[in-house]
There are 2 protein chains.
Amino acid sequence: MMNKERKIELFKEKCQTKGIKLTPQRLLIYEELINSTEHPTAERIYSSITQKFPTISLDTVHRTLETFCTIGVATMAEGLGNSKRFEGNMDNHHHVHCVQCGMIHDVYDANYDQLLVPPQVSQEFKILKKIVHLEGICRKCQTEYENMD
Amino acid sequence: MMNKERKIELFKEKCQTKGIKLTPQRLLIYEELINSTEHPTAERIYSSITQKFPTISLDTVHRTLETFCTIGVATMAEGLGNSKRFEGNMDNHHHVHCVQCGMIHDVYDANYDQLLVPPQVSQEFKILKKIVHLEGICRKCQTEYENMD
DNA sequence: TTCTTAAATAAGAATAATTCTTATTTAAGT
DNA sequence: ACTTAAATAAGAATTATTCTTATTTAAGAA
Ligand SMILES: [Mn+2]
Ligand SMILES: [Mn+2]
Ligand SMILES: [Zn+2]
Ligand SMILES: [Zn+2]
């Protein structure tokens with residue numbers, strides 16, 4: 001971990017090196033993000049900011065968060081895209097998700113099945129599911145990238 | 001694993017024991033689900049079924065998939081709800097997600113950090129993220145359940 | 001088999017999350 | 001101060017999901 005002033009400093013440098021503009025909106029969104037431990041949604045950040053900065057638009061918050069992920073100062077918590085994905089496979093297994101095409105493959109691995117829940121977690125949560133979630137780019141999508149200009 | 005006829009048999013029994021009606025819609029949706037390896041969305045299942053059964057409604061597919069999860073013949077692939085969740089914490093860590101209130105807590109665990117990617121996965125994917133995703137009910141939500149009639 | 005009824009469905013409206021379009025503004029380099 | 005590409009605001013559009021209500025039906029009872 002790192003103190004917030006330092007993170008903001010690094011954020012400003014990152015904007016520089018990545019060649020994106022340091023706007024008041026971006027700074028506010030970044031501050032809101034690192035001051036929160038709740039993994040906020042775009043809407044949540046928008047609501048907090050709208051008090052200090054009433055003219056900001058929700059779309060800007062969405063765009064900015066995406067930009068932050070791209071330049072590596074934020075991440076989107078693991079998930080599988082906009083729509084719920086279902087399966088009838090009730091065997092214990094894990095997943096690898098192609099973030100490009102959305103494909104989900106099943107992963108069977110004995111080590112993954114044996115993961116223990118840390119005591120500080122099991123004290124606070126009744127755990128219903130333990131899954132290793134891998135994210136990456138599938139071979140097909142990698143090939144498609146290669147063939148792009 | 002298990003052959004599909006047997007799964008359908010068990011599905012019918014499950015409807016019995018859970019006291020829910022065995023409708024043609026439910027049977028079709030279940031068959032579609034277990035014949036797919038792609039972790040389909042409701043929309044995807046709806047499209048496939050609509051050919052054989054043109055009067056089915058998308059809402060029925062949604063409701064049915066939820067019912068299937070409730071009676072334990074299907075699951076929803078791991079995710080964090082409808083909206084994207086962001087964070088500025090770029091340290092390597094994992095998550096536990098309360099499926100009731102949506103809260104996400106950070107989990108730091110050295111064992112989790114050391115997970116290896118199975119070779120058959122790394123052959124097919126360029127892995128960008130490895131995360132242990134725990135799901136459960138937080139203490140607060142458990143207490144709230146207790147106080148319900 | 002026919003009857004009964006609560007459960008389930010279809011259809012479309014409503015809501016929620018996200019993305020797109022376009023005119024306007026602005027950060028940052030000159 | 002000037003220039004300009006990038007960024008923003010506003011609102012429309014799109015997509016996913018849920019809700020409402022009238023109708024239909026599965027399944028147990030008679
Ligand atoms: Mn799976
Ligand atoms: Mn986190
Ligand atoms: Zn892919
Ligand atoms: Zn909770």
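In β1(B), the bridge partner of A:E87 is B:T75. This is a predicted model, in which local features need pLDDT of at least 70, side-chain atom pairs count only at pLDDT 80 or more, and totals for chains, interfaces and linings use all residues. Residues are numbered from 1 along each chain as its sequence is written, chains are lettered from A and ligands numbered from 1 in the order in which they are written, and side-chain values use heavy atoms, leaving out hydrogens and water.

Let us begin with the strands. Strand β2 (residues 86-87) of chain A pairs with strand β1 (residues 75-76) of chain B in the antiparallel sense, over two bridges. Strands here are DSSP runs of E with at least two residues, numbered from the N terminus, and two of them pair if DSSP finds at least two bridges between them.

Now to the interface of the two chains. How many residues does each chain bring to the contact? Chain A and chain B each give 68 residues, where contact means heavy atoms within 4.5 Å. Carbon and sulfur atoms give 58% of the area buried between the chains. Buried area is the accessible area (1.4 Å probe) that two parts lose on being put together, summed over both. On chain B, the three residues B:H39, B:E78 and B:F86 supply 14% of the area buried against chain A, more than any other three residues.

One salt bridge (a side-chain nitrogen of Lys or Arg within 4 Å of a carboxyl oxygen of Asp or Glu) joins A:R139 to B:E124, with the closest N and O atoms 3.7 Å apart. Strand β5 (residues 125-138) of chain B gives the most to the side of chain B that touches chain A, with 14 residues.

Within chain A there are two domains, domain 1 (4-87) and domain 2 (94-147), with bounds from an automatic or database domain assignment. Their centres, taken over C-alpha atoms, are 24 Å apart. The contact takes five residues from domain 1 and seven residues from domain 2.

The table sets out both interfaces.

| Interface | Buried area | Salt bridges |
|---|---|---|
| Chain B and chain A | about 6,100 Å² | two salt bridges |
| Domain 1 and domain 2 of chain A | about 500 Å² | zero salt bridges |

Which residues of domain 1 of chain A supply 72% of the area that it buries against domain 2 of chain A? They are A:L80, A:R85 and A:E87, and A:E87 is also the bridge partner of B:T75.

Note on methods: Helix = DSSP H or I, 4+ residues; strand = E, 2+ residues; numbered from the N terminus.
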